[in-house]
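The sequence and structure are shown first.

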Amino acid sequence: MSVSFDGREIRLTTGRYAPQAGGSVMVECGDTAVLVTATQSTGREGIDFLPLICDYEERLYAAGRIPGSFMRREGRPPERATLISRLMDRPMRPLFPSWMRDDIQIVATCLSLDERVPADVLAVTGASMATLLAGIPFNGPMSAVRVGLLGDDFVLNPSYREIERGDLDLVVAGTPDGVVMVEAGANQLTEQDVIEAIDFGYEAVTELIKAQQSVLKEAGIEQTKPETPPQDETISSYLEKNFTKSIGDVLKQFEQTKDERDQKLETIKSEVSEAIDSLKEDNAVRKLTSTNSKLLGNSFKALTKKLMRAQIIKDGKRVDGRKLDEVRKIDAAAGVLPKRVHGSGLFQRGLTQVLSTATLGTPSDAQEMDDLNPNTEKTYLHHYNFPPFSVGETRPMRSPGRREIGHGALAERAIIPVLPAKDTFPYVLRVVSEILSSNGSTSMGSVCGSTLALMDAGVPLKAPVGGAAMGLIKEGKEVRILTDIQGIEDFLGDMDFKVAGTEKGITALQMDMKITGLSISTVSDAINQARPARLHILEKMLEAIDTPRETLSPHAPRLLSFRIDPELIGTVIGPGGRTIKGITERTNTKIDIEDGGIVTIASHDGAAAEEAQRIIEGLTRKVNEGEVFTGSVTRIIPIGAFVEILPGKEGMIHISQLSEARVEKVEDVVKVGDEVTVRVREIDNRGRINLTLRGVPQNGESSHHEPTPTPVAPLT
């Protein structure tokens with residue numbers, strides 16, 4: 001089965017690979033091939049959630065490469081593979097029925113990579129197809145496509161190069177019911193442009209959905225929507241009859257804090273347990289809770305969710321008393337840490353508090369990427385840390401998980417469009433966001449904190465970036481969009497839609513659903529409602545710092561950047577790197593040279609950096625025969641003397657060129673340290689510069705020459 005979009009064909013092959021997997025499909029486009037499998041096993045005892053695992057595996061042989069690690073085999077998944085695993089998980093998870101408790105694992109393995117065709121959206125579509133073939137209960141089909149923007153034209157499933165050149169990188173996933181996931185990076189695009197791109201992408205999604213349905217029909221598999229098995233509603237009915245009023249009263253106390261509300265709900269939950277314990281032994285409610293200890297907690301949560309959602313739908317009131325489009329109280333500050341930290345910002349919205357720091361590094365600090373993506377390095381890094389104390393909990397602190405990596409990548413994507421050009425600000429930048437308190441939308445808090453920290457560090461951003469998370473409550477045909485959701489609204493709501501951008505337009509989007517699809521019109525409403533919230537947040541941020549600092553931290557490196565002829569890079573580096581090493585030792589600087597000839601010098605001493613620049617410019621300056629220079633004698637050998645005519649560049653005066661008369665010893669005419677004026681006699685076929693003193697008047701009196709006026713080339 002194949003589907004074509006604008007000359008790009010996607011092929012689905014089933015029944016040939018991985019015969020023991022529950023379902024498998026090979027998804028191909030160009031020379032990119034991704035094998036996706038889905039397998040189901042019996043659920044574990046006591047599980048009250050869906051244990052779904054989505055893994056994206058990269059094999060470097062897919063791009064004809066051998067891994068660069070010591071073991072020369074793939075190890076821990078690179079960051080990009082983790083992000084693709086999340087990209088698969090996010091549209092798949094809401095499509096499984098809520099009662100599913102079986103272990104499900106979906107594995108996408110990239111077996112071949114065409115650098116014109118990214119593998120991620122193929123893996124997402126393959127996850128749906130493999131799940132359907134495995135016969136796992138699933139509200140699919142689901143599919144995903146990427147949309148780019150080149151000029152004024154949308155491009156479907158663009159190549160890596162087109163993504164890099166374009167102003168939009170949007171992934172949209174959907175089902176027959178509507179859009180189920182959106183993720184995007186954009187170059188300050190207007191809300192209308194982004195909405196049109198989502199609509200454009202969803203049209204292609206529907207074609208891929210039809211293709212999956214055709215594959216199922218050809219395979220003789222009849223897809224049926226999963227039906228909820230009959231459940232005992234005894235406990236739910238008991239709670240609703242006896243505790244609806246007490247829970248509802250707590251949710252309507254708008255002036256209370258989150259801790260106060262949580263404590264009151266816990267108290268009611270304890271009262272429920274005591275009431276059940278006091279019932280007679282043969283009571284059905286008591287029997288159910290004694291056989292399943294988690295059943296009471298799940299039923300209590302379900303009733304709380306029902307009452308909170310009804311309050312929003314009917315009364316238009318949220319649990320903290322805010323209007324549907326109202327943003328929580330905002331506090332912002334820049335420069336909260338000593339300048340040993342190059343830049344810092346503190347952003348708080350409600351109970352969500354983020355401390356972000358910015359560090360300026362040299363080009364050699366760029367992160368090398370050992371994965372299948374054609375881009376081999378990153379010069380802007382955003383790292384997100386979520387310690388347990390931020391939610392008042394305790395747990396072991398290990399390496400970053402998928403959530404931390406994903407939130408950091410989203411904040412990173414939001415900031416990249418406003419970073420200064422590399423040729424004007426050649427620093428490598430690292431921002432770290434420490435989540436000090438969490439109650440909803442920490443990723444957007446990280447975006448705001450990052451802007452404050454970067455501006456405090458003196459990074460000349462094109463524009464400040466802010467963001468807010470939008471929520472959704474959908475009951476039948478009734479839909480309510482919530483601005484700046486807090487934790488309970490995220491936990492009990494239907495959508496988490498993060499929108500980041502500048503005053504001009506959007507720079508990043510990420511939408512996750514808990515329902516099977518959303519119409520384009522509702523997505524459009526959410527995007528448009530996010531704009532006034534973002535502008536309000538930006539206004540509060542600019543009260544803390546309205547322009548980047550004019551000077552960098554005294555502890556930040558100073559960089560000088562300039563371009564040399566790429567053919568002369570070897571001259572600067574020298575045999576075995578001796579020349580560049582000598583320059584760095586002499587000036588106490590750090591020097592990086594790119595293949596294109598861009599030289600970047602880093603130093604905490606500006607004068608030292610300028611000296612290193614003079615030396616390199618001297619080494620790379622073209623010297624012509626007949627030019628006259630004034631320089632110092634650096635060393636003497638039996639057959640002549642070496643003179644530094646330009647910083648870092650020497651020529652030799654042969655003993656026969658020291659004087660008109662015969663010279664017995666070089667030292668009879670010049671000594672180390674003498675300043676002499678020389679003319680370039682010739683440049684031999686090996687590029688060596690031969691100098692002469694004969695016929696060249698010297699500046700000042702000397703024992704071997706009478707001074708006469710002559711033009712002298714200035715030092716450059």
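## Barrel strands and their pairing

Methionine 652 stands opposite asparagine 690 in β29. The model is a predicted one, in which local features need pLDDT of at least 70 and side-chain atom pairs count only at pLDDT 80 or more, while totals for chains, interfaces and linings use all residues. Residues are numbered from 1 along each chain as its sequence is written, and side-chain values use heavy atoms, with hydrogens and water left out.

Strand β27 (residues 649–654) pairs with strand β29 (residues 689–692) in the parallel sense, over two bridges. Here strands (E, at least two residues) and helices (H or I, at least four) are DSSP runs, numbered from the N terminus, and two strands pair if DSSP finds at least two bridges between them. Both strands belong to a five-stranded barrel, closed in the order β25-β26-β27-β29-β28 with mixed pairing. On average, neighbouring strands of this sheet are turned by 55° against each other, direction ignored. Strands of a sheet pair through backbone hydrogen bonds, either parallel or antiparallel.

## The open sheet and the helices across it

Six strands form an open sheet in the order β1-β2-β3-β4-β6-β5, again with mixed pairing. The edges are held by β1 (2–5) and β5 (52–58); each has a single partner strand, so one side of each is left without a neighbour in the sheet. Glutamate 28 has alanine 33 in β4 as its bridge partner.

Helix α2 (residues 120–133) lies across β2 (8–14), β3, β4, β5 and β6 (103–112), and runs at about 150° to β3. Helix α4 lies across β1 and β2, at about 165° to β1. Such angles run from 0 to 180 degrees between N-to-C directions, with axes fitted as lines to C-alpha atoms, for helices over the stretch in contact.

## Packing of α4 against α12

The axes of helix α4 (residues 191–218) and helix α12 (residues 520–544) come within 10 Å and cross at roughly 155°. The two helices are therefore roughly antiparallel to each other, a class that covers angles over 145 degrees. The crossing of α4 past α12 is right-handed, meaning that the near helix is turned clockwise from the far one by less than a right angle. On the α4 side, the residues that meet α12 are Glu191, Val194, Ile195, Ile198, Asp199 and Tyr202. Their counterparts in α12 are Ile520, Val523, Ser524, Ile527, Asn528, Arg531 and Arg534. Contact means heavy atoms within 4.5 Å.

Alanine 463 lies in the loop between α10 (442–456) and β18 (466–475). Leaving aside its neighbours within four places in sequence, alanine 463 is in contact with Gln188, Val418 and Thr502.

## Cysteines

The structure holds zero disulfides, a disulfide being a pair of cysteine sulfur atoms within 2.5 Å. For cysteine 54, the closest cysteine sulfur is that of cysteine 110, at 17 Å, too far for a bond. For cysteine 110, the closest is in cysteine 29, at 12 Å, which is also too far for a bond.

## Accessibility and backbone geometry

The table lists relative accessible areas; buried means under 20%, exposed over 50%, and partly exposed in between (1.4 Å probe, protein chains only).

| Residue | Relative accessible area | Class |
|---|---|---|
| Cysteine 54 | 0% | buried |
| Cysteine 110 | 0% | buried |
| Alanine 463 | 17% | buried |
| Alanine 18 | 29% | partly exposed |
| Asparagine 157 | 11% | buried |

Most residues other than glycine have a negative phi, and most peptide bonds are trans. Alanine 18, in the loop between β2 and β3, has a positive phi near 50°. Asparagine 157 has a positive phi near 45° and is found in the loop between β8 (153–156) and α3 (160–165). The peptide bond from glycine 140 to proline 141 is cis, with omega near 0°; proline 141 lies in the loop between α2 and β7 (143–150).

Terms used. Angles under 35 degrees count as roughly parallel, over 145 as roughly antiparallel, 65 to 115 as roughly perpendicular and the rest as oblique.
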